[in-house]
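Work through the following exercises with the sequence and the 3D structure in view. Try each task before you read its solution.

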Amino acid sequence: NKNDENYFMLMAMPPNENFNQEINIPKDMIFVIDVSGSMKGTSIEQARNSLIYAINNLKETDGFNVVPFSSGFTSLDPAIMPATAKNKKLAIEYIKTLYADGGTEAAPPLEFAMNISSDNSKLKMIVFITDGSLGHEQHVINLVKNNLGNSRLFSIGIGSAPNSHLLEKISREGRGTFTYISNISQVSSK
């Protein structure tokens, strides 16, 4: 305090590059991926490649599942699978068979992902990847509010027409983040 003026010092430091490597929390990751007709072409290719990249980077202590959806949905497995080399290989073969066709019914696969049983000692993360404009906004928001539990939901909007407002809102409700990718070649890196 000098001449009745208050001073303080602020020190800003860049993040430690090893920060992410140091925090090695086991996680269960559920990838809910839009495979509706509008994902045809580059979108589905990039989405497949980014999923394969993400699964290859899971550690043995992690768990995962893949839930593709269009008018309906399926899943790689009814439960969380341990990220063993064998299961990762199985998942990659499964992802390679995904093709784009049909409508965009997001609520049932999201509900499935939120309600899938997860190990309480792990961080449960749902990664929701879509290029579409999702309908039934309030229904989807309420679904996240009522079913999220201990999960975190991260939304990734691809292409020129995602409903960014809704994806941001459900990510906020889901204690996660929303990433918008307008340039399709950025999907894997983001």
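Contact means heavy atoms within 4.5 Å. Helices (H or I, at least four residues) and strands (E, at least two) are DSSP runs, numbered from the N terminus. This is a predicted model, in which local features need pLDDT of at least 70 and side-chain atom pairs count only at pLDDT 80 or more, while totals for chains, interfaces and linings use all residues. Residues are numbered from 1 along each chain as its sequence is written, and side-chain values use heavy atoms, with hydrogens and water left out.

**Exercise 1.** Describe the sheet and the helix that lies across E1, E2, E4 and E5.

*Solution.* Begin with the pairing of strands, for which DSSP must find at least two bridges between them. In the order E3-E2-E1-E4-E5-E6, 6 strands form an open sheet with mixed pairing. Its edge strands, each pairing on one side only, are E3 (81-82) and E6 (178-181). Next, take E1 (residues 27-34) and E4 (residues 123-130), which run parallel and are joined by 7 bridges; Val-32 stands opposite Phe-128 in E4. Finally, the helix is H4 (residues 107-115), which runs at about 165 degrees to E4, where axes are lines fitted to C-alpha atoms, for helices over the stretch in contact, and angles run from 0 to 180 degrees between N-to-C directions.

**Exercise 2.** Determine how H2 is oriented to H3, and which residues make the contact.

*Solution.* The axes of H2 (residues 42-56) and H3 (residues 85-96) come within 10 Å and cross at roughly 175 degrees. H2 is therefore roughly antiparallel to H3, since angles under 35 degrees count as roughly parallel, over 145 as roughly antiparallel, 65 to 115 as roughly perpendicular and the rest as oblique. On the H2 side the contact is made by Arg-48, Leu-51, Ile-52, Ile-55 and Asn-56, and on the H3 side by Lys-88, Ala-91, Ile-92, Ile-95 and Lys-96.

**Exercise 3.** Characterise the aromatic pair formed by Phe-69 and Phe-128.

*Solution.* Rings of Phe, Tyr and Trp (its six-membered ring) pair if their centres lie within 6.5 Å; planes under 30 degrees apart count as stacked, over 60 as edge-to-face and the rest as tilted. By this rule the count comes to 2 aromatic pairs. The pair of Phe-69 and Phe-128 is stacked, at 5.9 Å centre to centre with 25 degrees between the planes. Because Phe-69 lies in strand E2 and Phe-128 in strand E4, the pair ties together parts that are 59 residues apart in sequence.
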